Amino acid sequence: MGKVEQYLQATRKKKGALLFVLIDSEVSKIKESIKLAREVEKIGASAILVGGSSAVDQLEMAQVVKSLKKSIKIPIILFPGNVTGVVPSADAILFSSLMNSENPYYITQAQALGAPNVLKFGLEPLPTAYIIIGEGTTAWFVGAAKGIPFDKPNIAAAYCLAAQFLGMRFVYLEAGSGAKESVRPQMVATVRKLFKGFIIVGGGIRDSKTATELVKAGADALVIGTMLEKEKGSLKKLGEIANSIKNLKK
Ligand SMILES: CC(C)=CCC/C(C)=C/CC/C(C)=C/CC/C(C)=C/COP(=O)(O)OP(=O)(O)O
Ligand SMILES: O=P(O)(O)OC[C@@H](O)CO
Ligand SMILES: [Mg+2]
């Protein structure tokens, strides 16, 4: 287990469920990203994810990550949608396989193409089963996912069990950035019963009620992105969400 993984496990034990904030380097440029990251660090976010399903400007992403690294203490974890998402200066990378993709590129090929740079840049790979729930989002489209219906928790659990047998220590249940509906607590609870690793849930989470239900169902970390890009007063709302999930689960 690497340093970041140890930190995530230890922080989850200490604080309860964690909050990850996603910075899309295509939306937030350098100055904005630093400001946002500093604010969410103060609010209590435990890590910053940097990525984007259509983030193809590698130079821009590298610059955002490099400046973030100098500005905050919490780990910066890359969240690549393609090989272009592997850049230097971050602490770790969600080294993910899109388990329910119909295109082998997103299951193993992008990983093979990206792996040499992960090694070269000294990024800690977090072995992650990325599973897309529902349809119609950018990640669903780009990743050629066979989206798992929101009301089929057993299918998601079967994928997570397979991920566990393959040695993956993280699963990411993803409804997609800006999703109208987030993953349902019932699905998280079903996965929690079988999967022993770290469960990340994201996509369409915008309020404390949803966040609380997902954590009670067994999520170890929630990812919030779009809300912070779009809504006025969203930092206040993020603070409420952070407080509502604090110490819910030990
Ligand atoms: C491990 C390596 C090198 C690559 C993994 C490649 C995989 C598995 C890709 C999965 C398919 C995909 C396109 C995922 C996108 C994940 C992502 C970074 C989502 C972030 O979403 P936003 O950037 O907010 O989405 P928008 O682009 O829709 O705003
Ligand atoms: O942008 P939102 O909807 O918060 O989703 C976050 C993340 O799960 C997307 O990959
Ligand atoms: Mg986005």
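Residues are numbered from 1 along each chain as its sequence is written. Because the model is predicted, local features need pLDDT of at least 70, and side-chain atom pairs count only at pLDDT 80 or more.

**Exercise 1.** What is the angle between the axes of helix α7 and helix α8, and which residues meet?

Step 1: Find the helices, which are DSSP runs (H or I, at least four residues), numbered from the N terminus. Helix α7 spans residues 185–194 and helix α8 spans residues 208–217.

Step 2: Their axes, lines fitted to C-alpha atoms over the stretch in contact, have angles that run from 0 to 180 degrees between N-to-C directions. Here the axes come within 8 Å and cross at roughly 20°.

Step 3: α7 and α8 are therefore roughly parallel to each other, a term for angles under 35 degrees.

Step 4: Look for contacts (heavy atoms within 4.5 Å). Pro 185, Val 188, Ala 189 and Arg 192 of α7 meet Glu 213, Leu 214 and Ala 217 of α8.

**Exercise 2.** How are helix α2 and helix α10 packed, and which residues meet?

Step 1: Locate α2 at residues 30–43 and α10 at residues 234–245.

Step 2: The two pack at an angle of about 30°, and their axes are 10 Å apart.

Step 3: α2 and α10 are therefore roughly parallel to each other.

Step 4: On the α2 side, Leu 36, Glu 39, Val 40 and Ile 43 take part, meeting Leu 235, Leu 238, Gly 239 and Ala 242 in α10.

Key:
Chains lettered and ligands numbered in written order. Heavy atoms only, no water. Parallel < 35°, antiparallel > 145°, perpendicular 65-115°, else oblique.
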